[in-house]
Amino acid sequence: RKKCIRISTGSKQLDACLNGGFQTMSISEVYGEFRCGKTQLAHTMAVIAQLPKASLANSHSREMGGAEGKVAYIDTEGTFRPERIMEIAERFGVDPDQACENIAYARAQNSEMQTELLEALASNFATNEYRLLIIDSVMALYRTDYSGRGELSERQQVLGSFLRRATQMAEEFNLAVLMTNQVMSDPGASALFAGADGRKPAGGHILAHASTTRLLLRKGRGEERVAKIVDSPDCPEREATYIITTGGIND
Ligand code: ATP
Ligand code: MG
């Protein structure tokens, strides 16, 4: 039996709320308004996943909470920045070039390509070297490719098969799957899913059902950001504050 691993977020406070971080073998989703740090969290975790695992024996060496694994990164918005990976790598004392090399990066231009890229990663995952799959963001391309009225049920069907495959891969290859998601502004779609605090993630019931852990991110006071756990199999609904630094997500 594969052993579930938790990967740190970079924020001790947020990790504490998540019993150590985002877990492998299921989908975790972070959603929230623009600039709340979804992409920065994705970059931070792309580095942390490569670090040694947390253990009592080596807790004095560096900040741990990694999974000693490689990372796959599907970018649907063109916001991945290797320079950010290098800066975050420096915070954790790992070689910046090595950190970038351990990330299999792919840019998806449309929703069909998003599915194809996921399938193509199966051969990477089969090496058992990968512990984290990032999709930033999961809904953006579906929303542009199926924007018309009357296309929603078709979209949800295609989305459903994408999410089933991602769930299957998470379990088969012991991967943490981190998906970022947008909050909806179009009133026509808002009836799909009534999220917490009036903020509704895109993707409707299909995505809500696929995400084992769900976090709502928002801006707080000043530079502060707030993460609220809105759905989790083993953590209570709690809030954690974090900041975005040169070294990524931090307390
Ligand atoms: P969107 O919905 O537009 O994709 P997002 O939630 O992905 O937004 P991010 O891109 O993760 O948002 O976060 C942007 C924020 O990160 C900005 O406020 C920016 O100031 C901050 N940021 C980016 N790089 C750095 C850095 N090197 N040091 C500190 N803060 C940074
Ligand atoms: Mg982003």
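Predicted model: local features only at pLDDT ≥ 70, side-chain atom pairs only at ≥ 80, totals over all residues.
1. Cys36 counts as buried because its relative accessibility is 0%, under the 20% cut-off. Cys36 takes part in no disulfide, and the nearest cysteine sulfur, which belongs to Cys17, is 16 Å away.

2. Now look at Cys17 itself. Here relative accessibility is 2%, so Cys17 counts as buried. Cys17 is in no disulfide either; the sulfur of Cys235 is the nearest cysteine sulfur, at 7.9 Å. With a disulfide taken as two cysteine sulfur atoms within 2.5 Å, the count comes to zero.

3. Next, the ligand. Which residues come nearest to ligand 1? Of the 15 residues around ligand 1, the nearest are Arg35, Gly37, Lys38, Thr39 and Gln40. Sorted by class, the shell around ligand 1 holds seven charged, five polar and three nonpolar residues.

4. Lys38 places a polar side-chain atom 2.8 Å from an oxygen atom of ligand 1. Thr39 also has a polar side-chain atom 2.8 Å from an oxygen atom of ligand 1. Thr246 takes part through its backbone: a polar backbone atom of Thr246 is 3.5 Å from a nitrogen atom of ligand 1. As for cover, ligand 1 has 650 Å² of accessible area on its own, and the protein covers 68% of it.

5. Which elements build this shell? At least two residues of the shell around ligand 1 come from each of α2 (38–48), α3 (82–91) and β10 (239–245). It is α2 that gives the most to the shell, with three residues.

6. Stay with α2 for a moment. This helix is largely enclosed by the rest of the structure, because 10 of its 11 residues are buried. Among the buried residues of α2 are Lys38 and Thr39, along with Leu41, Ala42, His43 and Thr44. The buried list for α2 also includes Met45, Ala46, Val47 and Ile48. So Lys38, whose side chain has a polar atom 2.8 Å from an oxygen atom of ligand 1, counts as buried under the 20% cut-off, and Lys38 is on the list for α2.

7. Is Gln50 buried or exposed? Gln50 counts as buried because its relative accessibility is 17%. The side chain of Gln50 makes a polar contact with the side chain of Asn102, at 3.0 Å.

8. The buried residues of α8 include Arg155, Gln156, Leu159, Gly160, Phe162 and Leu163. Ala166, Met169 and Ala170 of α8 are buried too.

9. What happens to phi just after α8? Asn174 takes a positive phi there, of about 50 degrees, although Asn174 is not a glycine. Asn174 is found in the loop between α8 and β7 (176–181). With 7% relative accessibility, Asn174 counts as buried, because the cut-off is 20%.

10. There is also a positive phi at Met25, near 75 degrees, in a residue other than glycine. Met25 lies in the loop between β2 and β3. Met25 is partly exposed because its relative accessible area is 23%. Thr24 lies in the loop between β2 (22–23) and β3 (26–32) as well, and Thr24 is buried, with a relative accessible area of 2%. From Thr24 to Gly10 the separation is 14 residues in sequence and 16 Å in space, C-alpha to C-alpha.

11. Gly10 turns up again in a contact with Ser8. The side chain of Ser8 reaches the backbone nitrogen of Gly10 at 3.1 Å. Ser8 is found in the loop between β1 (6–7) and α1 (12–17). Ser8 is buried, with a relative accessible area of 8%.

12. Last, a point about the backbone. Where is the cis peptide bond with omega near -5 degrees? That bond runs from Asp136 to Ser137. Ser137 lies in the loop between β6 (130–136) and α7 (140–145).

Technical notes. Residues numbered from 1 in each chain as written. Chains lettered and ligands numbered in written order. Heavy atoms only, no water. Near = heavy atom within 4 Å. Polar contact = N/O pair within 3.5 Å; in protein donor to acceptor, adjacent residues only side chain to side chain. Areas by Shrake-Rupley, 256 points an atom, 1.4 Å probe, with all protein chains shown as cover. Helix = DSSP H or I, 4+ residues; strand = E, 2+ residues; numbered from the N terminus. Nonpolar A, V, L, I, M, F, W, Y, C, P; charged D, E, K, R; others polar. Buried < 20%, exposed > 50% of the residue type's maximum accessible area, 1.4 Å probe, protein only.
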